[in-house]
Amino acid sequence: MGLAPFLAKSRPFTRRPTFKSISTFAHLRRQSQPLEPPPLQNPLPANPKSLSSTLSDSPVITAAQVHISYGFLPGKFDEQMKSLAKMLAAKSLIDQLSDWMTEHRWAEVKQLFEFWIRSLDNSGKPNKPDVNLYNHYLRASMLLGTPPGELLNIVAQMDDCGVLPNTASFNLVLKAMQLAGESRAAERLIGRMLQIGKEHGNCLPDDESYDLIVNLLLSANQIESAVKNIDMMLKSGYMLSVTAFIGCVQTCVNNGRLDTLVSIIEKCKKTDLNKSLHPPWRVCNFIADVAMQSDSSDLTYYALEFMAKWIARGEKASPAVLLSVDEGLVVSALGTAGRTYNSRLLDGSWAVLKRSLRQKKVPRPESYIAKIYAHANSGNLQMAFSTLQDFEGDHGNSSEDDGEGLFSPFYSLNPLVVACSKKGFTTLDTVYHQLENLSRADPPYKSIAALNCIILGCANIWDLDRAYQTFNDINTTFGLTPNIHSYNALICAFGKLSKRDEAVKVFEHCIGLGVKPNMTTYSLLIDAHLTTRDPKAALAVIDHMQIGAGCEPSKEMLKKVRRRCVREMDYESDEKVESLARQFKIRMGTEVRRDLLFNLHYITDYS
């Protein structure tokens, strides 16, 4: 089209061709055709039986070709269609259309029906189609790409012919609206179906109708309208298809409407037919990941519930398909339960994990630590210590030296320490007395990890007497030997009250008994020296840490010492800190913001 003006202007300069074109197509190669015999003067009409077989052997006409090919169809083909339409009764026509529909000969279905409806029957009366014939015509038109408006005109013609459209008729129009993306028209059509269905039950929407409208509305991001139609679907007793549910998941996630997705799942669970809803396994994992990133505890629980259904279904299959939930996913779910204080998610996550392991191996330490965290955050100390007991049973005795490992009250068990000291000495005393009673039970339960949590909890509330008494009771009352975590907790208690000398004595006592200190020990001892403004003693501890234990100082440790050196104007110690940083290749950086806050001159005169 862009060349048309140019050609129009340049026409006087073009030479007029001296040949005549026989075709509008360039380079059309022509083959020599055999001579046809001359036609008879009075040929016999075609055999009706052979006509039917001839039509059934005709090539398939696609939707893209229909508008082009009909223009070149010979008139003989139309005459054969008209003859066939006159000979077929309604029942025979349905059979013929059904055969052609299975062969995807939609254009011929449409043409034959149009000829038949204009023809007369054997008694000379106009043919009367029923709803099934019209549905064939509607389906063929829809598959040929007919716009929804024209399909609605066909439905209106049905009313004119005294034929009442049924649900299948409207579903074909809904399908065309879905392909065209006409969501508003589809909503109005569903409303019309509900209105007509009050008098004629065969016009009410069915599961296919609701599935079409829900998918169409979700594709248009009309979540509220989609939820409304889902409610009507569930109230009508139909099942939400997996395809529609996956569409709900994708649309709600894309729009950040996880609460809406939770409400859809809860509505499905209230109906008997939809209780067995379980999306594909990959969709379950996707829902769980999105829910845990958003701390949606209810949605995480439902995702794990779907996975549990798949596990149970796989175990009942023949042969059995043993599915397992990734343990890392369960650890994340337990963390979500702890942050949202959701006990249902906690119990469900642990049940799914045990079901996945099938008693062939024990849960990993990370799973136990996450469960302790969840119980401690929820305030259920009894279950938290019970989980600690199982943890000790599956992963070794906590009285053994585990370095910075699994049973440190400063790291892995710190949520339990915080929960014990949350309400002050009341909770700490209660937990202590419960541990004392369990030590006398049959069989007795004695846990030094639990006692270490109490010692550090006493240190957190600045109660040195309770911390020291609990430390002594480890040996006298419970008959256990303190480990490095016990000494660390006691050093922390002395250090918080600026009792540096007592903390040093505890450290020396620990070394004298042959207990190997860890990085936490040295860090607490350095904090005790810095609290008393003695950076030289802190540097001496760092030297002992390098020589005696073979440990390297951390960046945070050196920054704390440098900060105290600057504030005490101990430049000699500051240079030593810088040399240590260069020795261990630690980039210290600057503390401009801290220095600004430290050098602020606060004004107390408000007059």
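Visitor: Where is the place of Pro443?
Guide: Pro443 sits in the loop between α22 (425–439) and α23 (448–460). Helices here are DSSP runs of H or I with at least four residues, numbered from the N terminus. By the way, this is a predicted model: local features need pLDDT of at least 70, side-chain atom pairs count only at pLDDT 80 or more, and totals for chains, interfaces and linings use all residues. Residues are numbered from 1 along each chain as its sequence is written, and side-chain values use heavy atoms, leaving out hydrogens and water.

Visitor: OK, and what kind of peptide bond joins Asp442 and Pro443?
Guide: A cis one, with omega about 0°. Most peptide bonds are trans.

Visitor: What about the bond from Ser318 to Pro319, cis or trans?
Guide: Cis again, with omega near -5°. Pro319 is in the loop between α16 (297–316) and α17 (327–340).

Visitor: New topic: what is the phi of Asp295?
Guide: Positive, about 55°, although Asp295 is not a glycine. Most residues other than glycine have a negative phi. You'll find Asp295 in the loop between α15 (281–293) and α16.

Visitor: Why does Asp295 count as partly exposed?
Guide: Because its relative accessibility is 32%, and partly exposed means between buried (under 20% relative accessible area) and exposed (over 50%), using a 1.4 Å probe and protein chains only.

Visitor: And Lys585, buried or exposed?
Guide: Exposed, at 77% relative accessibility. Lys585 has a positive phi of about 55° too, and is not a glycine. Look for Lys585 in the loop between α30 (571–583) and α31 (592–598).

Methods
Helices (H or I, at least four residues) and strands (E, at least two) are DSSP runs, numbered from the N terminus.
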